[in-house]
Amino acid sequence: MATNLLKMLSLSLPKYSLTREKVAAAQAVAIAPSVPVEENRLVPRVENRDGYWVLREEFRAGINPAEKIKLEKDPMKFFVEKEIEKLAKIPFAEIDSSKTGKDDLDTRLKWLGLFHRRKHQYGRFMMRFKLPNGVTNSEQTRFLANCITKYGKDGCADLTTRQNWQIRGLVLEDVPAVFEGLERVGLSSLQSGMDNVRNPVGNPLAGIDPDEIVDTRPFCKALSDYIISSGKGNTSITNLPRKWNVCVVGTHDLFEHPHINDLAYMPATKDGVFGFNVLVGGFFSPKRCAEAVVMDAWVSEKDVVPLCKAVLETFRDLGARGNRQKTRMMWLIDELGIEEFRSEVEKRMPGGAVLQRAGKDLIDPNWKRRTFYGLHPQKQPGLNYIGLHVPVGRLQAPEMLELARIADEYGNGEIRITVEQNLILPNVPTEKVSELMKEPLLQTYSPNPTPFLANLVACTGSQFCGMAIAETKARSLQLVKELDETMECSRPLRLHFTGCPNTCAQVQVADLGFMGTMARDANKKPVEGFDIYIGGRIGADSHLGDIIQSGVPATDLLPVVQNLMIEHFGAKRKA
């Protein structure tokens, strides 16, 4: 295992960051703990009290502020015990006048998918949804559009890098009615923020792709049903040490980005039986980013959910709860070593099931990643899917309503979301394609975006997010417009913009990534700026990029990016 992992890591590191030290460090993380694990370290730190999992008294020393907030009141009580209905009837200013109220608004409500935008939209909330495998439909899209219409300029929607919807502008008094509507259309916002499991990601072409290895939709749906107990809330896993991501890979393209997930299922066979090999520990944070490592385990299709449950319970029971920057699951893997971590997961498998060692990986390492833009035939004869580009993933209510109409009129009402914040319209009969291509909405959401616009990703940025240092969406669109006008490149380039070190836009997987920071202009005045990352790769030879330039003022980005494109990617200036 060590030899294979070393080979894998060596192949994945680009020329400007390949060092024996980095390979050795990554290998050490994957093989053995830094120090021997003491037996009392494996004692669970949480216990079940009246249906909620609580940190035990003997493990409360040195815990971080978020853990203290959870101890004071379990956030899931707002949903399970319907406390949100009472809270929504109280005047907002009254709630916000106490520490408990502020903690409710700014922290605990995130367990219900409600994010107070205190800094830039005081009194208003962003709401994030569970959308397993990124599959939605016209009815859900209309409902979300109608939710935000009443908020005017304060209301809009975003496609996220985890294949789901977010809506903005919501006020607390409307939340109970929104919850009723969500249940009616088959959506849920539960457990989509803070120390919970994020939306299960799968192949956006699942079930319609002629080249898929496996249809990921049923696995993502089963995972989501377990994670939120089919919309009732799963309190057994709502007190994790930190957020947690999961994906199921269904194609050689690795559209799901498995290397940056806490748990990734990779298609594999074992003794002729189909199932999945397991990667664990991938994550991004302000202080550290790590690629997932091989757990040397294989599970059959029926054990996808049980394995997820066992991994989550291991993390819940043993994960650190001190320094918030060191509480993601990879820190636990570092501490225990991969074999001890694997052993703890195995102890939690239902019925004492023994984890099998990894099987034969089915991913073709020589596969050239495809684009989903434009018109493509499905595996179903006579049907097609059309990939549409949504500039920086931002939509307004009228466009959402048009999207829903088009999905009904030309397809079967289904809509897919990608982790690059774009859309796919599936199940379009061939005889309807020409008329669909004439629809005005496809001028805005183009099936043929310009070269640099095509792979642009941008987080919320400082327009709405209180943590963002820099504005991202408008600025990235302007930069890409200027690049399209002035540059040409023989290969597609992935440009990702994130407003702060939390890296929601995943700049480390981009060819060129831009992370918001403070910089100084020519007069030494502090201004918005960006650290620039280079060399992120996705696909079978995935690798996280490195900083190549720090503190570039936002107004100076164009010439800097032009030069980097010429030097590293063979781009040329247009005549």
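Student: By about how much of the helix are Lys347 and Glu344 separated in helix 13?

Tutor: This is a predicted model, in which local features need pLDDT of at least 70 and side-chain atom pairs count only at pLDDT 80 or more, while totals for chains, interfaces and linings use all residues. Residues are numbered from 1 along each chain as its sequence is written, and side-chain values use heavy atoms, with hydrogens and water left out. Helices (H or I, at least four residues) and strands (E, at least two) are DSSP runs numbered from the N terminus. Lys347 and Glu344 are three residues apart in helix 13 (residues 338-347), so about one helical turn separates them.

Student: How far apart are the closest N and O atoms of Lys347 and Glu344?

Tutor: A salt bridge is a side-chain nitrogen of Lys or Arg within 4 Å of a carboxyl oxygen of Asp or Glu. Lys347 and Glu344 form one, with their closest N and O atoms 2.7 Å apart. To read exposure, note that buried means under 20% relative accessible area, exposed over 50%, and partly exposed in between, with a 1.4 Å probe and protein chains only. Lys347 is exposed at 56%, whereas Glu344 is buried at 2%. Elsewhere, salt bridges that share partners join Glu72, Lys73, Glu83, Lys99, Asp103, Asp104 and Arg108 into one network.

Student: How many salt bridges does the rule give?

Tutor: The count comes to 49. One of them pairs Arg41 with Glu335, whose closest N and O atoms are 2.7 Å apart. Arg41 lies in the loop between helix 2 (20-31) and strand 1 (46-49), and Glu335 in helix 12 (residues 329-336), so this pair ties together parts that are 294 residues apart in sequence. Arg41 is buried, with a relative accessible area of 10%, while Glu335 is partly exposed at 31%. Another salt bridge joins Arg168 to Asp158 at 2.8 Å between the closest N and O atoms. Arg168 belongs to strand 7 and Asp158 to strand 6 (residues 156-159), ten residues apart, and both residues are buried.

Student: In what order do the strands of the open sheet stand?

Tutor: Two strands pair if DSSP finds at least two bridges between them. The open sheet of five strands has the order 3-4-7-6-17, with antiparallel pairing. Strand 3 (114-116) and strand 17 (394-395) are at the edges, each with a single partner strand, so one side of each is left without a neighbour in the sheet. Strand 4 (residues 124-128) pairs with strand 7 (residues 165-171) over five bridges, and Phe125 stands opposite Leu170 there.

Student: Is strand 19 mostly covered or exposed?

Tutor: Strand 19 (residues 423-429) is mostly covered, as seven of its seven residues are buried. Strand 16 (residues 383-388) pairs with strand 19 in the antiparallel sense over five bridges. Strand 18 (residues 414-417) is joined to strand 19 by two bridges, also antiparallel. Strands 18 and 19 form a hairpin with five residues between them, and Gln421 in the turn has a positive phi of about 70 degrees.

Student: How many residues does the largest nonpolar core have?

Tutor: In soluble globular proteins, nonpolar side chains tend to be buried together. A nonpolar core is a set of buried Ala, Val, Leu, Ile, Met, Phe, Trp, Tyr and Cys residues joined through side-chain atoms within 4.5 Å. The largest has 103 residues, and those with the most contacts inside it are Trp165, Trp244, Tyr265, Leu307 and Phe341. Helix 11 (residues 304-318) gives the most to this core, with eight residues. Apart from this core lies another, of 27 residues, among them Leu456, Phe497, Phe530 and Val560.
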